[in-house]
Amino acid sequence: MPPLPAGPVAVLCGAGLAAASGVPTFRGPAGLWRRHRPEELATPAAFARDPRLVWEWYDWRRGLIAGCRPNAGHRALARLAGSRPGTTLISQNVDGLQERVPPARPLLLHGSIWRLRCAGGCGRGEWEDRRPRLPELPPRCPDCGGLARPAVVWFGEGLPAGSWRRAAAAASACALFLAVGTSAVVQPAAGLIDLARSAGAVTIEVNPEPTAAAVDHRLVGPAEEILPALVAALV
Ligand code: BV8
Ligand code: ZN
């Protein structure tokens with residue numbers, strides 16, 4: 001076990017955390033992006049070009065995720081968040097699984113697949129819709145009847161300002177930064193690892209495949225097996 005400093009802990013979570021729950025990752029061999037390129041589906045241009053195609057992909061993912069449950073990795077992070085003051089969970093995931101294990105309330109950098117918002121800009125705020133499959137694709141805004149879109153961050157879109165600000169603050173102030181189940185490819189989220197390291201934190205990656213992220217230590221293995229023991233040593 002690498003040195004585990006006292007002080008605040010920040011955890012950046014990626015799709016690998018949910019792999020054991022049956023949620024496909026993005027870039028792995030069976031990844032979501034294998035059949036589609038991100039630019040084809042997770043961009044405003046793709047949605048403007050073919051909202052039905054984009055929604056068929058999200059509706060398929062929602063249906064799949066609806067049958068998934070949090071795993072031991074999610075439960076370990078919830079234990080960390082509930083037992084170690086000063087812990088911040090930061091998630092790139094849109095699957096809603098970590099939110100189902102109280103008290104964890106992760107900062108969601110890329111939004112939630114379970115929330116929608118009006119694409120017509122009528123001013124109606126986001127709303128939650130947890131139906132595993134939507135009756136009509138593309139769904140409509142209940143207020144103006146215009147197109148609704150998934151309330152997720154697409155490529156080329158900015159991250160939610162509040163979540164990003166809090167995530168960057170946590171990364172800058174933490175003594176220990178864990179990068180769990182992320183390929184550390186997508187920016188600006190992956191930059192949090194470098195931010196924490198440059199601020200003096202001990203950085204540890206938990207991943208069966210070492211990534212290009214510049215970390216101090218690598219725990220090579222699946223999060224659902226490594227996190228319970230790691231959290232036991234942290235609380
Ligand atoms: C922004 C939500 C500016 C939607 C996602 C060129 C052109 C255009 C843009 C760019 C460009 N170059 C760079 C950019 C920026 C771009 C970017 O980073 N592109 C990458 C691909 C190079 N970023 C953006 O566009 C961001 N916005 O820059 O906007 C701006 C600023 C201000 C104002 C306006 C604009 C927005 C990025 C967010 C995109 N949205 N998702 C959806 O989900 O449909 S990204 C998507 O990737 C998911 O959110 C996911 O979380 C994220 C990161 O992927 P990972 O989580 O790391 O998953 P991955 O599959 O890659 O890896 C899984 C890992 O798990 C692997 O390492 C594997 O080994 C490991 N693993 C497997 N099993 C396990 C495991 N680990 C542990 N345990 C296991 N059991
Ligand atoms: Zn509307």
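Good morning. Within this chain, 65% of the contacts with a separation of 6 or more are between residues 24 or more positions apart. Please bear in mind throughout that the model is a predicted one.

Let me continue with the chain as a whole. The chain contains 9 helices and 9 strands. Its C-alpha atoms fill a box of roughly 55 × 35 × 30 Å along the principal axes.

I turn now to the zinc ion, ligand 2. Which residues are its protein donors? They are Cys118, Cys122, Cys141 and Cys144, each through its SG atom, and they lie 2.3 Å from the zinc ion. Along the chain, these donors follow the spacing C-x3-C-x18-C-x2-C. Why is the arrangement called tetrahedral? The 4 donor atoms subtend angles of 104 to 118 degrees around the zinc ion, and four donors count as tetrahedral if all angles lie between 85 and 135 degrees.

Cysteine 122, with a relative accessible area of 35%, is partly exposed.

Cysteine 118 also leads us to a sheet. It stands opposite alanine 148 in strand β6. Strand β4, residues 111–118, pairs with β6 in the antiparallel sense over 4 bridges. Another pair to look for is arginine 117 with its bridge partner in β6, arginine 149. Strand β4 is also joined to β5 by 2 bridges, and these two strands run antiparallel. There, leucine 116 has tryptophan 127 of β5 as its bridge partner.

Taken together, these 3 strands form an open sheet in the order β5-β4-β6, with antiparallel pairing. The edge strands, β5 (127–128) and β6 (148–152), each pair on one side only. As for β4, 6 of its 8 residues are buried, so the strand is largely enclosed by the rest of the structure.

Next, consider strand β2, residues 87–91. In what sense does β2 pair with strand β1? Strand β1, residues 9–13, and β2 pair in the parallel sense, over 5 bridges. Within this pairing, valine 9 stands opposite threonine 87 in β2. Strand β2 is also joined by 2 bridges to strand β3, residues 107–108, and the two run parallel. In that case isoleucine 90 stands opposite leucine 107 in β3. Of the 5 residues of β2, 4 are buried, so this strand too is largely enclosed by the rest of the structure.

Finally, I would draw your attention to helix α9, residues 223–232. Which of its residues are buried? They are Ala223, Ile226, Leu227, Leu230 and Val231. When one looks down the axis of α9, these buried residues fall within an arc of 120 degrees, so they line one face of the helix. What covers them? The cover includes helices α1 (16–19) and α6 (72–83), together with strands β7 (176–180), β8 (202–207) and β9 (217–220).

To close, I would ask you to keep one residue in mind. Cysteine 118 is a donor of the zinc ion, and it also stands opposite alanine 148 in β6. Thank you for your attention.

Terms used: Residues are numbered from 1 along each chain as its sequence is written. Chains are lettered from A and ligands numbered from 1 in the order in which they are written. This is a predicted model: local features need pLDDT of at least 70, side-chain atom pairs count only at pLDDT 80 or more; totals for chains, interfaces and linings use all residues. Side-chain values use heavy atoms; hydrogens and water are left out. Donors are N, O and S atoms within 2.8 Å of the metal (3.2 Å for Na, K and Ca); water is not among the atoms, so sites may look incomplete. Four donors count as tetrahedral if all angles lie between 85 and 135 degrees; four count as square planar and six as octahedral if opposite donors are over 155 degrees apart and all others between 65 and 115; anything else is irregular. Buried means under 20% relative accessible area, exposed over 50%, partly exposed in between (1.4 Å probe, protein chains only). The arc is that of the directions from the helix axis to the C-beta atoms. Contact means heavy atoms within 4.5 Å. Two strands pair if DSSP finds at least two bridges between them.
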